[in-house]
Amino acid sequence: MIVTRFPPSPTGHAHIGSYRTAIFNYLFSKQNKGKFLLRIEDTDKARSKQEYQDGIIESIKWLGLEYDGFSIQTENMPAHKAAMQKLVDEGKAYISKEEAKDGSGAIKEIVRFKNPNKPVTFKDLILGEVTDNTTDLGDFVIGRNIEDPLYHLAVVVDDMNSEVTHVIRGVDHISNTTRQILLIEALGGRVPTYAHIPMVLGDDKQKLSKRKGALSVLEYKKRGYLPAAILNAATFMGFNPGGEKEIYTLDELIEVFDITKVQKGGAVFNQVKLDWFNTEHMKLLSEAEYLNQAKAFIPEEIKSKILDTVVDKILLANRDRISYFGQLTDVFADTYMYETPAVDTSLLIVPEKMRKEKMVTIESTKIILTDLLGLLERAGDADFTSIETVKNIVWEYAETQGRGIVLWPLRIALTGKEKSIDPFSMMWILNRDEVVKRLKNAIATLV
């Protein structure tokens with residue numbers, strides 16, 4: 001059975017590039033009916049924190065990457081110590097007394113692996129055959145002392161005990177592979193199959209990192225991105241199944257993923273592309289799913305002011321105008337959607353560039369708004385069942401008089417702003433009585 005693992009360190013909130021490694025491991029294991037393991041590698045005791053560990057677990061669960069086994073590396077310390085003692089007992093490692101590097105002159109005992117100084121060759125599923133001459137490594141350290149094993153030994157022992165068959169990780173770890181193969185062989189374990197995936201780069205073509213402003217996965221959750229979009233976008237950083245289709249569910253990704261098609265060169269993270277993925281996945285939500293998730297991002301003080309039916313209309317009218325749910329904060333900041341705005345008379349007059357040589361005056365604008373008021377007063381409830389039916393009330397009149405001449409003052413009368421949601425959506429949100437009220441208010445200013 002194929003077994004993969006994702007072994008993050010709880011030393012910070014990881015970004016999308018880090019979780020892409022988890023996604024590739026998950027897709028590969030599930031595609032092959034195998035197991036996906038989550039292992040917290042907390043050997044860096046000084047920097048490891050519980051909050052980061054909790055964040056890792058929350059992120060993995062939010063993304064829907066269900067793991068088949070969970071472990072914390074330091075809890076496996078007895079196995080690590082036993083392996084190190086075994087290597088020392090068999091003469092494959094030794095205790096070395098060396099001067100501390102802190103300048104104190106103190107002598108401390110460290111454990112070094114006795115390097116066999118032989119070439120190591122392994123077949124990488126992405127890079128092909130890789131050969132490394134181990135001589136340059138020297139007798140490398142595997143323990144601070146006989147009671148304190150270090151990273152390389154701990155990883156090897158955990159992989160062996162978990163029967164990991166495939167190690168899928170970033171290409172920046174390839175320098176670790178040779179050391180770990182030597183340790184596996186010395187302990188009599190089975191060398192796993194390796195696949196070193198390309199680095200994820202930022203717009204500056206440098207490694208994506210938290211220090212350069214890369215957001216954590218939990219921050220994307222907080223901003224209202226969909227986990228399906230993060231999964232889709234991350235998978236497509238360095239991989240493409242071929243063809244024109246780009247929007248995939250998790251089950252579809254499992255089906256089409258091919259580790260041998262992962263590119264060798266660096267993959268670039270693009271925020272604009274991520275927003276596009278999220279927009280497309282939002283379109284896949286049913287109306288009920290969309291409304292349910294969207295309402296979680298409306299400030300409570302605003303929800304308390306508005307009828308639920310109006311909230312739903314605002315959310316639906318803006319559905320195609322947002323890339324992620326967090327943008328609804330800006331939508332509801334436009335109070336004209338639920339509070340009657342003050343109207344600046346000067347704004348009601350159509351700008352000269354939109355007049356198309358037609359004479360526009362305060363009086364002509366008043367006539368336009370009065371005509372619109374008449375159309376809306378004669379409209380019935382059936383005319384307000386959708387944005388399209390609302391549009392039909394005024395469209396013929398707008399075509400006859402000139403769209404800009406009609407729709408500009410209508411927009412200003414309804415919203416008080418030059419830039420806003422379109423007037424048809426606005427009328428549908430407000431309903432007839434409120435639209436009539438706002439038109440009358442605007443007309444009253446034209447004296």
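**View A. Helix α1 supplies the largest share of the lining of the largest pocket, 4 residues.** This is a predicted model, in which local features need pLDDT of at least 70 and side-chain atom pairs count only at pLDDT 80 or more, while totals for chains, interfaces and linings use all residues. Residues are numbered from 1 along each chain as its sequence is written, and side-chain values use heavy atoms, leaving out hydrogens and water. The pocket holds about 1100 Å³ of space. Its lining counts 32 residues, with Ser-9, Ser-18, Asp-172, His-173 and Lys-207 nearest the centre. Two or more lining residues come from each of β1, α1 (16-31) and β10 (166-170). The lining divides into 11 nonpolar, 11 polar and 10 charged residues. A pocket is an open set of points on a 1 Å grid over the protein atoms alone, with protein on both sides within 12 Å along at least five of seven lines; lining residues have an atom within 4 Å of a point. Points are joined across faces, edges and corners, and a volume is the space filled by probe spheres set on them. Ala, Val, Leu, Ile, Met, Phe, Trp, Tyr, Cys and Pro count as nonpolar, Asp, Glu, Lys and Arg as charged, and the others, Gly among them, as polar. Helices (H or I, at least four residues) and strands (E, at least two) are DSSP runs, numbered from the N terminus.

**View B. The second largest pocket has a volume of about 240 Å³.** It is lined by 15 residues, and Ile-306, Leu-307, Val-310, Ile-429 and Leu-430 are the closest to its centre. Helices α12, α18 (423-430) and α19 (432-445) each give two or more residues to this lining. α12 gives the most, with 3 residues. By class, 7 lining residues are nonpolar, 3 polar and 5 charged.

**View C. Helices α10 (residues 287-294) and α12 (residues 308-317) pack at about 105°, with axes 10 Å apart.** α10 is therefore roughly perpendicular to α12; that class covers 65 to 115 degrees, with under 35 roughly parallel, over 145 roughly antiparallel and the rest oblique. From α10, Glu-287, Tyr-290, Leu-291 and Ala-294 make the contact; from α12, Asp-312, Leu-315 and Leu-316. Contact means heavy atoms within 4.5 Å. The contact has 5 nonpolar, no polar and 2 charged residues. Axes are lines fitted to C-alpha atoms, for helices over the stretch in contact, and angles run from 0 to 180 degrees between N-to-C directions.

**View D. Three strands form an open sheet in the order β1-β2-β3, with parallel pairing.** The edge strands, β1 (3-6) and β3 (69-72), each pair on one side only. Two strands pair if DSSP finds at least two bridges between them. Neighbouring strands are turned by 25° against each other on average, direction ignored. β2 (residues 35-40) is joined to β3 by 4 bridges. Arg-39 stands opposite Ser-71 in β3. Helix α2 lies across β1, β2 and β3, at about 160° to β2.

**View E. The largest cavity has a volume of about 50 Å³.** A cavity is a set of grid points where a 1.4 Å probe fits but cannot get out. The count is 1 cavity of 30 Å³ or more. Lining residues include Gly-12, His-13, Tyr-52, Ser-216 and Leu-218. α2 (50-63) and α6 (217-223) each give two or more residues, and α2 gives the most, with 4.
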